[in-house]
Amino acid sequence: MFSDSGSSDRIPHDDGSRYYSIHHTTHFQYNAAICESIMEVRKQPRNDSWQTCLAFEFKTEPYAHPSSYDDALDNAVHLFNIPAYHTSLSVKTYAQVRVDEPPDLPDALLPSAWDEIDEIVDGDHRLWEFTQPSRFPKPTTLLRQLADELNVASRRDDPLTLLRHMNTALYEAFDYVPNSTQVDSPIDDAIRERRGVCQDFTHVMLALVRNLGVPARYVSGYLHHYRGVEDRSSDGATHAWLQVYLPELGWVGFDPTNNRIVGQRHIRVAVGRDYADVPPTRGVFKGNAFSVLTVSV
């Protein structure tokens, strides 16, 4: 069943759910032989709310036998070690996922929802953590200026209405430009240049939402592209967006890169405070070499 080719296809079905087949390959090419690689991988789609991972397969070249565990946020993590000389490393995963149709959102919430958020956060330390600055989404002078410019610096209307406005305002204020930033770029780079990739859009909106005292978390995953739907984000790659916790609705996804409320085309893999918590691969190797990374989804 496992295929080495990179692809992401939707399997037709007639029950209202969408079924996806996902092949994700990460390849490291080294300019000299290294003698050991240790890596943790977050590529297995989550089982939560209206998403179910039906099958998952994992393999590496050279071969490694991974161990697996769930981290503190219930993300599936695979960990492996290759204690042998090698000049390249491929991490290949295959998944089948069912995404059910999420419930419809109301047009707005009551203004009292702001007070409800405060009460919920006060009673749940896990949600409180998602209201705090983290490595990338943090208050800066440029962020405060942007919040004033977009009219999102303070609470108004109701939370859902303000979040819809913020999602659209960021989409219109920033250009999507592949390779314009690095994975460790601070949000000020994107704000200053008014351009970035999905990770930057997500980090900026996370900082703006948390500034209002609302819990928000980073989501890494995939976005299915198909004809007839215009998306700015790149096909054949991973994607990022955010989820915001709202009274009575729970976690609601917003995709500011594409100005969309998250639905059945978004496939969730891992959640965290920001990208630093959930990179698809993270590891170290032993040897005097540098590597070139290529990704296929």
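## Basis

This is a predicted model, in which local features need pLDDT of at least 70 and side-chain atom pairs count only at pLDDT 80 or more, while totals for chains, interfaces and linings use all residues. Residues are numbered from 1 along each chain as its sequence is written, and side-chain values use heavy atoms, with hydrogens and water left out.

## Helices H3 and H6

The axes of helix H3 (residues 141–150) and helix H6 (residues 198–210) come within 11 Å and cross at roughly 75°, which makes H3 roughly perpendicular to H6 (65 to 115 degrees). Leu143, Leu146 and Ala147 of H3 meet Val204, Ala207 and Leu208 of H6 in this contact (heavy atoms within 4.5 Å), and by class the contact has six nonpolar, no polar and no charged residues.

## The two largest pockets

The largest pocket has a volume of about 1100 Å³; a pocket is an open set of points on a 1 Å grid where a 1.4 Å probe fits, with protein on both sides within 12 Å along at least five of seven lines, and lining residues have an atom within 4 Å of a point. Of its 36 lining residues, Val183, Gln199, Thr238, Tyr275 and Val295 are the closest to the centre, and strand E10 gives the most to the lining, with four residues. By class, this lining has 18 nonpolar, 13 polar and five charged residues.

The second largest pocket, with a volume of about 470 Å³, is lined by 19 residues, of which Trp50, Pro102, Pro103, Trp251 and Val252 lie nearest its centre. Its lining divides into nine nonpolar, four polar and six charged residues.

Key: Axes fitted to C-alpha atoms, helices over the stretch in contact; angles between N-to-C directions. Helix = DSSP H or I, 4+ residues; strand = E, 2+ residues; numbered from the N terminus. Parallel < 35°, antiparallel > 145°, perpendicular 65-115°, else oblique. Nonpolar A, V, L, I, M, F, W, Y, C, P; charged D, E, K, R; others polar. Points joined across faces, edges and corners; volume = space filled by probe spheres on them.
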